[in-house]
Structure formats: C-alpha cells, structure tokens
Amino acid sequence: MPRAAITGTGFWVPEQVVTNRDLEGMMDTSDAWIVERSGIRERRWLRLDPDGYTEITGAEMGARAARMAIEDAGIEPGDIDLVIYATVNPDCFFPGNGVFMEDLLGLDTTGALDIRNQCTGFVYGLAAADGFIQAGTARTVLLVCGEVQSTGLDRSTAGRDLAVLFGDGAGAVVIGEGQGDRGVLASVLHSQGRFARELWAEIPVGNLKGRWTDAMLEEGRQYPRMNGQMVFKHATRRFCEAVTEVLAKGGATVDDVALVIPHQANQRITDAVGQRLGLGPERVFSNIAKYGNTTAASIPIALAEAVREGRLQRGDLLVTVAFGSGFTWGANLVRW
Ligand code: UT7
C-alpha cells in the first residue's frame, strides 16, 4: 500500500507588515504586552481598497502558495488529481475555497474537498490525503491552507485580545506516493465539541432566518471570540498528548525526532510544549514572531520555511501538531 509523502512545499504572505507599534495606533495595547504574552512582533495583513476589499482573495493567496509547491514538487497542475483546501475564512459562505483553487490553477473537473478544522486544518488535511493515497483514490494531492483573518478582526480595543494574534497567509504542500520508507507514518485526530463556543465566530448563523440581526452586529458577534486562558491550558496539554500519541503509534520516541513543527498559536505554548517533551528550541520550529497566528496556514508556512532553511534532511523524522477551535487537535509523524 503506498504511503503519502510531501514532495513539494510553498507559501505566500502579504507584503504589508503590521507591527505591534502599528496596532498601538488602532487600539489600547502595547508592543511589550504582545511580545511578553504571545512572542509576536509583527504579522502580515492584506491591504484593503477604499471599499474595504482585500488586494487579492483568499483563494488567490492560496494559489500563489500552491504554484510554489507545485514547482517545488516538479509537477504540472494537471498532475493533481485532488485539491484539499483548509480554511476557517473562506471567501464566501459557500462554495468553499477548494473549487476557486481548482479554477485558479486552470484544472478541469479535478475533485476539490474543503476542510473546516480551524488551526488543525493542515493536520487533518495531511491525514485525509494519506488516506486517499493509500486507498488508491488519488495519486497526487494538493493541500492548500490559507487564511484571510484581518478582515474579520475587531481592530478596536474591544477586540484586542484576538486582533493582535492573527495574521494573513497561505501555505501549500504537494503530496504524492512515497518511495521507500518516506512518507506519513502515523496520524492522530481528536475533537471535543463541548468546547466549541470557547473559540468561535458565531455569524453567519445557519439556523437563524436572515443569518444575523442588527442587534448581533452591534454587539460585535460577527467577530471571533475566545476564552484565551482556557484555550491556552487545553492547547498546552493536547499538543503534548498528541505528539506522544503519534510517536507511539508510529513506533518512534521523542529522541528520534529531528523537528517538531507546531501550529504557531503562542510562543509561550510552543516553549511549554518543548520543555515538557524535553525538546530544545533547535528541534521545535517557530516563526510566530514575524507572522502571528495564521490558523490553518501556520504549519505549511513554517514547513516551507524550515525546508528552505535546511532544517529537514531526507530520512529525518518530522512531527506536525496542532490544536484549535472546536476544540480540535491532532498530529502527524512523517519520515522526510
Ligand atoms: O490558534 C488557536 C489556539 N489559540 C491559542 O492557543 C491562544 C491561547 N491563548 C493565549 O494565547 C493567551 O490567553 C492570550 C495571548 C490570548 C492572552 O494572554 P493571557 O496571558 O491569557 O492574558 P489574559 O487574557 O489573562 O489578559 C490579561 C490582561 C487582561 O487585563 P486585566 O483583566 O488583567 O486588567 C486583558 O484585558 O491583559 C488584557 N489584554 C490586553 N492588554 C493589552 C488582553 N488583550 C490585550 C492586548 N493588549 N492586546
């Protein structure tokens, strides 16, 4: 049975850098607070036109990351036989961004699957791609994860707890049939829906006539809301559990791991996970200082950077791990 291997990586982030100092001009916050609590120094936000529309759409952003991954893999778009798109911020309520990606890449009738797993989108997407490849349903899968967060944030002081954390960006991987021992060795996937309302965006409300009310908008219920401290505690615990579980499932130990790429949620979470697992900073990748939290996109952006920085060599063991809204969490163990 073929195993799924990552054969190409790519990413794209907007040109506009928004520093913590820039945010100080929008809301009551400070560079010191943001750096101390999250490790974030700057993030990228798409530029807005005078009508408030972003310079490019989320799917167009994803397509830029995808083209880089396709070139890196040495394939043509026509070689892709399934597109998987993970985002919590689709360009419209429906259809999902997968079909826009299919069209932007000039494909013709290629299957497109959308994943709504928030920060865990990449981990679920890679596990799904592995399943499709093992089952023979697909031979080459394009997994794109992209987020336009900036348009959905409350940039006033009322929304400062979330607005300072999130950035825009996209990452992509091409996944093909692995040769030899290369590829996804194991994946673990979890969720706990009883915590769905601890980190969520309520609007548009599917079971409400008209999907929202003026009163809801006045209360700011269209913006994401988070119980930060609770999410923090669960995240730290679940990150560690997922790494331990996926290593056991794949028959490996922490000592065997060359690199962990965690979802970039908070530098304090990343540090705590590294400490608890006994992994030094050289084995836990971090780029949150420059991009903030890009939700589903954070792992594939980090992966593309890690590869280009020479942090992964053929044969290395890689763990990707995420936790986020849902709650959802999980991990993948990959022989690079
Ligand atoms: O990607 C999905 C997973 N997401 C996460 O894992 C995020 C998890 N949570 C966190 O990362 C942290 O909880 C935050 C970074 C969101 C917040 O850090 P914290 O240390 O938990 O701060 P806090 O929420 O306890 O707030 C401390 C204080 C409060 O003021 P008072 O009540 O002590 O007077 C907040 O109002 O900081 C205030 N505050 C801010 N101050 C300046 C909240 N946001 C800000 C801000 N600037 N942006």
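A polar contact here is a pair of N or O atoms within 3.5 Å; within protein, one must be able to donate a hydrogen and the other to accept it, and residues adjacent in sequence count only if both atoms are side-chain atoms.

**Ground rules.** I am working with a predicted model, where local features need pLDDT of at least 70, side-chain atom pairs count only at pLDDT 80 or more, and totals for chains, interfaces and linings use all residues. Residues are numbered from 1 along each chain as its sequence is written, and side-chain values use heavy atoms, with hydrogens and water left out.

**Domains.** I looked up the division of the chain and found domain 1 (4-180) and domain 2 (184-335), with bounds from an automatic or database domain assignment. Their C-alpha centres lie 14 Å apart.

**Between the domains.** I found 16 residue pairs in polar contact between domain 1 and domain 2 (both at pLDDT 80 or more). I also found one salt bridge between them, the term meaning a side-chain nitrogen of Lys or Arg within 4 Å of a carboxyl oxygen of Asp or Glu. D72 forms a salt bridge with R308, and their closest N and O atoms are 3.8 Å apart.

**The sheet.** Next I traced an open, mixed sheet of four strands in the order β8-β13-β12-β11. Strands are DSSP runs (E, at least two residues), numbered from the N terminus, and two of them pair if DSSP finds at least two bridges between them. β8 (183-191) and β11 (257-262) are at the edges with a single partner strand each, so one side of each has no neighbour in the sheet. I then followed β12 (residues 317-324) and β13 (residues 328-335), which pair antiparallel over eight bridges. L318 sits opposite V334 in β13.
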